Amino acid sequence: MADTIRYDNRVAIITGAGNGLGKDYALEMARRGAKIVVNDLGGSGSGEGASHSAADLVVQQIRDEGGEAVANHDSVATREGGAAIVQTALDTFGKVDICIANAGFLRNNRFEDITDAQLDAILDVHLKGAFYVAQPAYKVMRRNGYGRFLFTGSASAMFGHAWQANYAAAKGGLMGLSHVVAIEGSAYGIQSNLLMPTAQSRLAAEMDEGFKEIPAFAATIANADYAASANRIEVPFNTPLVLYLVSEQCTSTHGIYSANSGRFAKVRIAAAEGWMAPMGTTPPSPEDVAAHWDQICDGSAWYEPLTVYDEFTAVAAAARKQGRI
Ligand code: NAI
């Protein structure tokens, strides 16, 4: 198939692009015409240390292939770092069209043992780090009337993973951030989506298997069916979805998308139709809730509100369906 998805005259910031997923996005987007800011602090998979070589090597590879890229070595985890990353794009290429917030690392531990250092470092790099880069990038995009954000979430937050309470809290926060950027950005040609990638990267080495001490969780690992996944839990199986989501051709915003073993899928935040209490100003009792628990949890009809206010419309629809109004 011809490469119709291109980024000529587009400037992309990709954080954490010195390794793994971000590196693959950077190389492929540069091949398709994007000018890339390759940001990477160059630390370990647990966020220790720093080195220029990770970002520099990717920039060198892009240039060797005839593409355009510049390295930035700031940490996303400070407001100054985020501002400097966006400034690198402005100084070198004059604008920002695409921002992929991807930088991060792991500090796994059982929930009750997570230290302040493990909590703060993970919130700082994933949640605040994405915020610090996205905010100045958004201002530039708003001025130009065009932008594409992709925040990197995780199945660990959306579905759950033992020993990752700090990480899941941060990644879950990015869902809220992406939703709000999508809503506000809709007035200015700015789109935002959340990605749930799946790849054997160097982060696999950070996955201490202590989490298998939880019996129900260990059972989901033991019983998982990997029939569709052999040799496909790989970085390049994520890149096609990312490239589409940040392209001009993609008009979808406010979404969550999963890439896993070559299966690409929208993930929904939806509310069941639920049980509508009788109309009037007397609230139901907890016993009423217990008595209708099956209906409250019934998954045969779902609504997908896109704002807080959409949920009221879903409630009215449920009330009509149940003959309350
Ligand atoms: P990776 O370790 O190969 O790449 C992450 C990059 O971020 C590294 O090059 C690292 O130096 C950089 N980085 C870390 N802290 C930074 C900071 N403060 N400032 C700038 N750069 C920094 O890992 P991978 O797997 O490519 O992860 C990329 C993103 O995808 C991460 O946000 C990760 O949490 C997320 N993710 C990965 C999954 C997977 O299966 N590999 C699953 C779900 C989410």
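What you are looking at is a predicted model, in which local features need pLDDT of at least 70, side-chain atom pairs count only at pLDDT 80 or more, and totals for chains, interfaces and linings use all residues. Residues are numbered from 1 along each chain as its sequence is written, and side-chain values use heavy atoms, with hydrogens and water left out.

Now look for polar contacts, meaning pairs of N or O atoms within 3.5 Å. A polar side-chain atom of N19 sits 2.8 Å from an oxygen atom of the ligand. The backbone takes part too: an N or O atom of V76 lies 3.1 Å from a ligand nitrogen atom, and one of L41 lies 3.3 Å from a nitrogen atom of the ligand. On its own the ligand has 820 Å² of accessible area, and the protein covers 95% of that (areas come from the Shrake-Rupley method with a 1.4 Å probe).

Helices are DSSP runs of H or I with at least four residues, numbered from the N terminus.

How do the helices pack? Two packed helices are described by the angle between their axes and the distance between the axes. Axes are lines fitted to C-alpha atoms over the stretch in contact, with angles from 0 to 180 degrees between N-to-C directions. α4 and α6 pack at about 15°, their axes 8 Å apart, and are therefore roughly parallel (angles under 35 degrees; over 145 is roughly antiparallel, 65 to 115 roughly perpendicular and the rest oblique). Helix α3 (residues 79-93) packs against α4 at about 40°, with axes 7 Å apart, which makes α3 oblique to α4.

How values were computed:
A polar contact is a pair of N or O atoms within 3.5 Å; within protein, one must be able to donate a hydrogen and the other to accept it, and residues adjacent in sequence count only if both atoms are side-chain atoms. Helices (H or I, at least four residues) and strands (E, at least two) are DSSP runs, numbered from the N terminus.
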